[in-house]
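This report walks through one protein model, from its overall fold to single residues. Please keep the structure in view while reading.

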Amino acid sequence: MSNRLIESLAGAAVIAVAVGFASYSYSRAGIESVDGYELSASFNRIDGLTVGNDVRISGVKVGSVTAQELNPKTYMAVVKMTVRSDVELPADSSAKIASDGLLGGKFVSLEPGGDIDMLAPGGEIEYTQGSVNLEELIGQVIYSSGGGSGGNSGGSSSDSPE
């Protein structure tokens with residue numbers, strides 16, 4: 001009887017620690033939604049960007065990605081995002097998909113412009129730059145550096161008899 005009581009108490013302790021860890025992780029992750037206004041932007045590619053990713057200005061989180069869809073007419077990826085209501089963006093601001101380091105996640109980086117008119121809620125950011133595909137870049141570097149010498153390893157390059 002005492003073995004079952006000890007096992008039950010140990011199991012309860014493990015569950016309590018797991019719940020505590022999960023709540024601590026959630027509070028530190030910054031997943032909470034951002035209250036503000038919605039903007040959209042069209043990109044040629046958004047590889048690695050998911051709903052919930054950050055929207056940042058100068059590295060500071062000012063919003064979140066709320067939706068992504070494909071425009072069937074232009075075949076562009078449309079990203080909808082929420083930006084804090086205290087952050088006003090000039091109408092000529094730009095957006096790009098950036099990476100959090102070499103293997104990190106993606107986020108939308110906003111670059112404020114200099115226009116005196118501000119983007120209205122529901123507005124669209126016109127100047128965009130899509131994500132860079134790391135695999136394609138590595139492939140280009142590998143294949144572009146592969147050619148070169150033409151197979152000569154030294155000696156005479158003449159094929160004529162002497």
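## Terms and basis

Two strands pair if DSSP finds at least two bridges between them. Strands (E, at least two residues) and helices (H or I, at least four) are DSSP runs, numbered from the N terminus.

The model is predicted, so local features need pLDDT of at least 70 and side-chain atom pairs count only at pLDDT 80 or more, while totals for chains, interfaces and linings use all residues. Residues are numbered from 1 along each chain as its sequence is written, and side-chain values use heavy atoms, with hydrogens and water left out.

## Overall fold

The protein has 2 helices and 8 strands. From the N terminus the elements run α-β-β-β-β-β-β-β-β-α. Of the 162 residues, 27% count as buried. Buried means under 20% relative accessible area, exposed over 50%, and partly exposed in between (1.4 Å probe, protein chains only).

Contact means heavy atoms within 4.5 Å. Among contacts between residues at least 6 apart in sequence, 63% join residues at least 24 apart.

## The sheet

The 8 strands form an open sheet with mixed pairing. Their order is S7-S1-S4-S3-S2-S6-S5-S8. Strands S7 (124-125) and S8 (127-129) stand at the edges. Each has a single partner strand, so one side of each is left without a neighbour in the sheet.

S4 pairs with both S1 and S3. S1 and S4 run antiparallel and are joined by 8 bridges. S3 (residues 60-70) and S4 (residues 77-84) are also antiparallel, with 7 bridges. Two of the residue pairs are Glu69 with Val78 of S4 and Val65 with Met81 of S4. S4 is mostly covered, with 6 of its 8 residues buried.

## Nonpolar core

A nonpolar core is a set of buried Ala, Val, Leu, Ile, Met, Phe, Trp, Tyr and Cys residues joined through side-chain atoms within 4.5 Å. The largest one has 22 residues. Leu39, Met81, Val83, Val108 and Leu110 have the most contacts inside it. The elements giving two or more residues to this core are S1 (36-43), S2 (54-57), S3, S4, S5 and S6. In soluble globular proteins, nonpolar side chains tend to be buried together.

What does Leu39 contact, leaving aside its neighbours within four places in sequence? The list is Val79, Lys80, Met81, Val83, Leu89, Leu119, Ala120, Gly123 and Ile125.

## Largest pocket

On a 1 Å grid over the protein atoms alone, a pocket is an open set of points where a 1.4 Å probe fits, with protein on both sides within 12 Å along at least five of seven lines. Lining residues have an atom within 4 Å of a point. Grid points are joined across faces, edges and corners, and a volume is the space filled by probe spheres set on the points.

The largest pocket holds about 270 Å³ of space. It is lined by 17 residues, and Ser99, Lys106, Val132, Asn133 and Leu134 are the closest to its centre. Strand S5 (94-99) and helix H2 (134-144) each give two or more residues to the lining. S5 supplies the largest share, 4 residues.

By class, the lining has 7 nonpolar, 6 polar and 4 charged residues. Here Ala, Val, Leu, Ile, Met, Phe, Trp, Tyr, Cys and Pro count as nonpolar, Asp, Glu, Lys and Arg as charged, and the others, Gly among them, as polar.

## Loops with positive phi

Most residues other than glycine have a negative phi. Ser58 has a positive one, near 55°. Ser58 lies in the loop between S2 and S3 and is exposed, at 71% relative accessible area.

Tyr75 also has a positive phi, near 60°. This residue belongs to the hairpin of S3 and S4, which has 6 residues between the strands. Tyr75 is exposed, at 62% relative accessible area.

## Two residues in detail

Ser109 sits in strand S6 (residues 106-111). Ser109 is buried because its relative accessibility is 17%. Beyond neighbours within four places in sequence, Ser109 contacts Arg56, Ser94, Ala95, Lys96 and Ala98.

Arg45 is in the loop between S1 and S2. With 28% relative accessibility, Arg45 is partly exposed. Arg45 and Ser131 are 86 residues apart in sequence, yet 5.9 Å apart in space, C-alpha to C-alpha. Leaving aside neighbours within four places in sequence, Arg45 contacts Ile97, Gly130, Ser131, Asn133 and Glu136.
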